[in-house]
Amino acid sequence: MTRTTGPDAVILDYNGVIGLQPTRAQWLRLARIASWPEDDLAAFQRAFWNARDLYDAGQLSDLAYWARVLGAHPGPRLLRELLAADTDMWTATDAGVVSVLRRAHATGVPMVLLSNAPSHLSTVLDTHDWRRMMAQALYSARLQLCKPAPAIYQQALQATAVRDPRRVLFVDDRLDNCQAAARLGLRTLHYTGSTDGLRTALLPAD
């Protein structure tokens, strides 16, 4: 397969693009481990997300993050259980997306992963088969930056080795992240679940 009019490189988000969103059952499992009332899942999710940006940016340890969520420091065993359940929520992948990426990878287009993810999750993601398609994987906790900070896109662009941002496609399920990338001149695809749209963007001559 020969690549013709597609991008010279692609920067991909993980969660919501390659990775599937957690199910309600997974959220409930995590809430139960946290001893949160099952009839107040929305409040648990608010507590979960309130400090997540700091955690994703590597500014909170696992212990400090979960202490904020729970309102008290978890013991070692509970912390291990929380980390395991948290990781499990984010590691299922979309087979359709991975299939499109494999076809794009076969054309030789460089792909870089750019994900807001805490350290423990990034370590697990690096072991997955699809990770081998990525020329580099950049994680917020390692960079001490989260999307949509402009500097994180600059680092991802540098990782593609493509000088012209207009020749690089950025794919993310969050519109604000796409808008930030567009302000720096990158092409963007706001991914909303259509693998056909992703295929067209990555393999326009297919």
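Okay, one definition to start: helices here are DSSP runs of H or I with at least four residues, numbered from the N terminus. Keep that in mind when I say "helix 3" in a moment. And one caution before we look around: this is a predicted model.

Rolling a probe the size of a water molecule over the atoms shows where empty space is left. The largest pocket here comes out at a volume of about 340 Å³. There are 19 residues lining that pocket, and the closest to its centre are Asn15, Trp49, Asp56, Asn116 and Arg174. So which helix gives the most to the lining of the largest pocket? That's helix 3, residues 52–56, with three residues. And if you sort the lining by class, you get eight charged residues, five polar and six nonpolar.

A pair of aromatic rings is described by the distance of the centres and the angle of the planes. In this model the count is 15 aromatic pairs. One of them is tryptophan 49 with tryptophan 90, with ring centres 5.9 Å apart and 65 degrees between the planes. Why is that pair called edge-to-face? Because planes over 60 degrees apart count as edge-to-face, and this pair is at 65 degrees.

What I like about this pair is where the two partners sit. Tryptophan 49 is in helix 2, residues 41–50, while tryptophan 90 is in the loop between helix 5 (76–89) and helix 6 (95–106). They're 41 residues apart, so the pair links distant parts of the chain. Are the two partners buried or exposed? Tryptophan 90 counts as buried, at 4% relative accessibility, whereas tryptophan 49 is partly exposed at 41%. Both also belong to one aromatic cluster, made up of Trp27, Trp36, Phe44, Phe48, Trp49, Tyr55, Tyr65, Trp66 and Trp90.

Now, who else touches Trp90? Leucine 121 does, along with touching Thr87 and Thr91, if we skip residues up to four places away in sequence. You'll find leucine 121 in helix 7, residues 119–125, and with 5% relative accessibility it counts as buried.

Next, threonine 87, which sits in helix 5. Threonine 87 counts as buried too, at 12%. Beyond its sequence neighbours up to four places away, threonine 87 touches His120, Leu121 and Val124. What lies 2.8 Å from a polar atom of the threonine 87 side chain? The backbone oxygen of leucine 83.

A quick stop at alanine 64, in helix 4, residues 62–70. Alanine 64 is partly exposed, with 26% relative accessibility. Between alanine 64 and alanine 51 there are 9.7 Å, C-alpha to C-alpha, and the two are 13 residues apart in sequence.

On to asparagine 177, in helix 10, which covers residues 175–183. Buried or exposed? Buried, with a relative accessible area of 2%. The asparagine 177 side chain makes a polar contact of 3.4 Å with the side chain of aspartate 172. Leaving out neighbours within four places in sequence, asparagine 177 is in contact with Lys147, Pro148, Tyr153, Phe170 and Asp172.

The peptide bond from lysine 147 to proline 148 is cis, with omega near 10 degrees. Proline 148 is in the loop between helix 8 (140–143) and helix 9 (150–160).

Glutamine 144 is found in that loop between helix 8 and helix 9 as well. Its phi is near 65 degrees, a positive value in a residue other than glycine. Glutamine 144 is partly exposed, at 44%. Alanine 161 also has a positive phi near 65 degrees without being glycine. Alanine 161 lies in the loop between helix 9 and strand 4, residues 168–172, and with 70% relative accessibility it counts as exposed.

How values were computed
Residues are numbered from 1 along each chain as its sequence is written. This is a predicted model: local features need pLDDT of at least 70, side-chain atom pairs count only at pLDDT 80 or more; totals for chains, interfaces and linings use all residues. Side-chain values use heavy atoms; hydrogens and water are left out. Rings of Phe, Tyr and Trp (its six-membered ring) pair if their centres lie within 6.5 Å; planes under 30 degrees apart count as stacked, over 60 as edge-to-face and the rest as tilted. Helices (H or I, at least four residues) and strands (E, at least two) are DSSP runs, numbered from the N terminus. Buried means under 20% relative accessible area, exposed over 50%, partly exposed in between (1.4 Å probe, protein chains only). A polar contact is a pair of N or O atoms within 3.5 Å; within protein, one must be able to donate a hydrogen and the other to accept it, and residues adjacent in sequence count only if both atoms are side-chain atoms. Contact means heavy atoms within 4.5 Å. On a 1 Å grid over the protein atoms alone, a cavity is a set of points where a 1.4 Å probe fits but cannot get out, and a pocket is an open set with protein on both sides within 12 Å along at least five of seven lines; lining residues have an atom within 4 Å of a point. Grid points are joined across faces, edges and corners, and a volume is the space filled by probe spheres set on the points. Ala, Val, Leu, Ile, Met, Phe, Trp, Tyr, Cys and Pro count as nonpolar, Asp, Glu, Lys and Arg as charged, and the others, Gly among them, as polar.
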